[in-house]
Amino acid sequence: MEKTAVFTDDTIVFALLMLALGFVFYTSSRTAGFWNKFYKIIPSLLMCYLIPAIFNSTGLIDYRVSGLYYMSSRYLLPAALVLMTLSIDLKAVFNLGPKALIMFFTGTLGIVIGGPLAILLISLVSPETVGGAGFDATWRGLATIAGSWIGGGANQAAMLEIFRYNPEKYGAMVLVDIVVANLWMAVILFGIGKNKQIDRWFKADDSAIEELKHKVSAFAERISRTPSLTDLMIILAIAFTAVGISHWGASEISTFLTSTFEAVRDKQSALSSFGSQFFWMITIATAIGICLSFTRAKNYEGAGAGKLGSICIYILVATIGMKMDLRTVFDNPGLLAIGLVWMSIHAGLLILVAKWIKAPYFFLAVGSQANVGGAASAPVVAAAFHPSLTTVGVLLAVFGYAVGTYGAMLCAWLMEFASTV
């Protein structure tokens, strides 16, 4: 906690984030001049992510003393999931076919084999970086990154418990996790702005995605109306009542499972991630949104439910961005090199398989983030393509929680073997 920030009051920090978002949306709406040319190169969503990162990196703010990410991920994210699934066409989502799952599991495989391969490659240049004995062994620390990159925070905590990496050195692993994952997310967001060109290179058929987007857009246009104050209040009531229910339900389910089943209660168990309240909060919020899509509540899409959900998502993007400190990129060059090689293998395998099966970039981006970013990032990336696709990101992120601990354990065992070769 050595870094000090100019602004530590979250009221002011939130104002800066909203100022950044307003600036990006205003400049990206220009139809001519410098900004029009700028955003043809740099996607506006990426700028919503990078400007808060610059704030944090220059010491203007410090995410470590801010509660804004917690607020947005625990309150705005579930609200966004409800509002953005109100008008979902569930049948059309399932009609997207198996490529989403294929790309998700390809991303998982890329993490599982990427870790040991990165250790082998870095050991050729710097064997001391991948060494260590006992509980100081580097592979044990990297196992926690594998848990984070396949499932999420709960899976990461499980790996720390299972492989008992030295807690005094754990901070360096968390840093590599954050830096590499955030750099990769920046690349993913940049690619979203070029997805049409990428799809042409993949020779991908995105007709099912376009059909889903068209269906939702046509429905929204058909029921579109100028929202009244009553409409907006009801939309917010739906969203935040669902947030309350999802928090309550998550607490009850998590408490029941951890108190009833030893396998969930034991942090060294592969099933411990099912005791995560965050996992159940996301699952319940999405389920509520899907259920409401079969009722008249879906008509509130015409009054702007999806747009309000998008506002929540963009605030979340900004708070994710503020967790990135560009100054720390080279603090641990050896470990950072392992992380970058590891993520490059993950990315390379995704590109190879996407090219082979002619999968749209959407499936690559969401399949990757459902692993690396989890439930906080996958819906953001999916929504960046179109709000109607948010559910796809959530469903894949749920898979990530389910397989995260198993995949990370396999990766850890392979890394242990690679470090002794």
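Student: Which residues in α17 are buried?
Tutor: Keep in mind that this is a predicted model. In α17, the buried ones are Tyr361, Phe362, Phe363, Leu364, Ala365, Val366, Gly367, Ser368, Gln369, Ala370, Asn371 and Val372. That is 12 of its 12 residues, so the helix is mostly covered, with buried meaning under 20% relative accessible area.

Student: How far does α17 reach from its first C-alpha to its last?
Tutor: It reaches 16 Å, close to the 16 Å expected at 1.5 Å a residue. The helix covers residues 361–372.

Student: Switching topic: at what angle do α6 and α7 pack?
Tutor: About 160°, with their axes 10 Å apart. That makes α6 roughly antiparallel to α7, because angles over 145 degrees count that way. The crossing of α6 past α7 is right-handed.

Student: Which residues meet there?
Tutor: From α6 you have Thr108, Ile111, Val112 and Ile119, and they meet Trp139, Leu142, Ala146, Trp149 and Ile150 of α7. By class, this contact has eight nonpolar residues, one polar and no charged ones.

Student: Last one, aspartate 10. Where does it lie?
Tutor: Aspartate 10 lies in helix α1, residues 10–28. The residue is partly exposed, with a relative accessible area of 23%.

Student: What does aspartate 10 touch, leaving out residues up to four places away in sequence?
Tutor: Ser66, Gly67 and Leu68. Aspartate 10 and glycine 67 are 57 residues apart along the chain, and their C-alpha atoms are separated by 7.2 Å.

Methods. Residues are numbered from 1 along each chain as its sequence is written. This is a predicted model: local features need pLDDT of at least 70, side-chain atom pairs count only at pLDDT 80 or more; totals for chains, interfaces and linings use all residues. Side-chain values use heavy atoms; hydrogens and water are left out. Helices (H or I, at least four residues) and strands (E, at least two) are DSSP runs, numbered from the N terminus. The expected span of a helix is 1.5 Å times one less than its number of residues. Buried means under 20% relative accessible area, exposed over 50%, partly exposed in between (1.4 Å probe, protein chains only). Contact means heavy atoms within 4.5 Å. Axes are lines fitted to C-alpha atoms, for helices over the stretch in contact, and angles run from 0 to 180 degrees between N-to-C directions. Angles under 35 degrees count as roughly parallel, over 145 as roughly antiparallel, 65 to 115 as roughly perpendicular and the rest as oblique. A crossing is left-handed if the near helix is turned anticlockwise from the far one by less than a right angle, and right-handed if clockwise. Ala, Val, Leu, Ile, Met, Phe, Trp, Tyr, Cys and Pro count as nonpolar, Asp, Glu, Lys and Arg as charged, and the others, Gly among them, as polar.
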